[in-house]
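I opened this notebook to record, step by step, what I looked up in one structure. The entries follow the order in which I turned to each topic.

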Amino acid sequence: MEKLKNSCTGKGCINKSCPEFKKKIESRINRIEGQIRGIGRMLENKVSCDEILNQISSVKSALNGVAKLILESHIRNCVVNDIKAGEESSTISELVYTLNKMIDKSNKKIKEEFPEYLSLDSYIFLAVTTVL
């Protein structure tokens, strides 16, 4: 799938949203950076593999939490605003592309169409419009 243009320019975008939200995200990222540095120190200090793996799991969980917050903000603001502006097709395609990139490589990617009668675009559109 080719890389799509980023239409994330809405007024609710994380880059333009309320400073408190952006500060919250930055704070979480800073904590995660500290955890990663801690893993490096654990390796230097020859800490047990189990403890290192546990810390890695914590970092992955923290990153997933940040991703969920940003994805929710993106859907509630950028995606909804773009759909309201009449850019439904390209917006849904970009969202599907983004979700496919987020899904773990070992998992099956989201298909553009379900075997059922509704396409993934339709499911996402229905989900987004319920937020409106």
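**Entry 1: a charged pair.** I looked up E72 and found it partly exposed, with a relative accessible area of 40%. I noted at this point that the model is predicted. E72 forms a salt bridge with R76, and the closest N and O atoms are 2.8 Å apart. I then checked R76, which is also partly exposed, at a relative accessible area of 46%. Where do R76 and E72 sit relative to each other in helix α2? They are 4 residues apart in this helix, which spans residues 49–84, so about one helical turn separates them. I reminded myself that side chains of opposite charge can pair when their charged atoms come close.

**Entry 2: the chain as a whole.** I counted the secondary structure next: the chain has 4 helices and 0 strands. Read along the sequence, the pattern is α-α-α-α. The chain has 132 residues, and 26% of them count as buried. I recorded an accessible surface of about 9,300 Å², with 54% of it belonging to carbon and sulfur atoms. I also looked at contacts between residues at least 6 apart in sequence, and 58% of these join residues at least 24 apart.

**Entry 3: the nonpolar cores.** Which residues make up the largest nonpolar core? I listed 8: F21, I25, I32, I39, M42, I52, V59 and V66. Helices α1 (19–44) and α2 each supply at least two residues of this core. The most comes from α1, which gives 5 residues. Another core, of 7 residues, lies apart from this one, and its members include L71, V79, I83 and L99. I noted the general rule that in soluble globular proteins, nonpolar side chains tend to be buried together.

**Entry 4: a threonine in α3.** I turned to T91, which lies in helix α3 (residues 88–102). Is T91 buried or exposed? I found T91 buried, with a relative accessible area of 3%; the cut-off for buried is under 20%. A polar atom of the T91 side chain lies 2.6 Å from the backbone oxygen of E87. Beyond its neighbours within four places in sequence, T91 is in contact with V79, D82 and I83. I noted that V79 and I83 are also among the residues of the 7-residue core.

Key
Residues numbered from 1 in each chain as written. Predicted model: local features only at pLDDT ≥ 70, side-chain atom pairs only at ≥ 80, totals over all residues. Heavy atoms only, no water. Buried < 20%, exposed > 50% of the residue type's maximum accessible area, 1.4 Å probe, protein only. Contact = heavy atoms within 4.5 Å. Areas by Shrake-Rupley, 256 points an atom, 1.4 Å probe, with all protein chains shown as cover. Salt bridge = Lys/Arg side-chain N within 4 Å of Asp/Glu carboxyl O. Core = buried A, V, L, I, M, F, W, Y, C linked by side-chain atoms within 4.5 Å. Polar contact = N/O pair within 3.5 Å; in protein donor to acceptor, adjacent residues only side chain to side chain.
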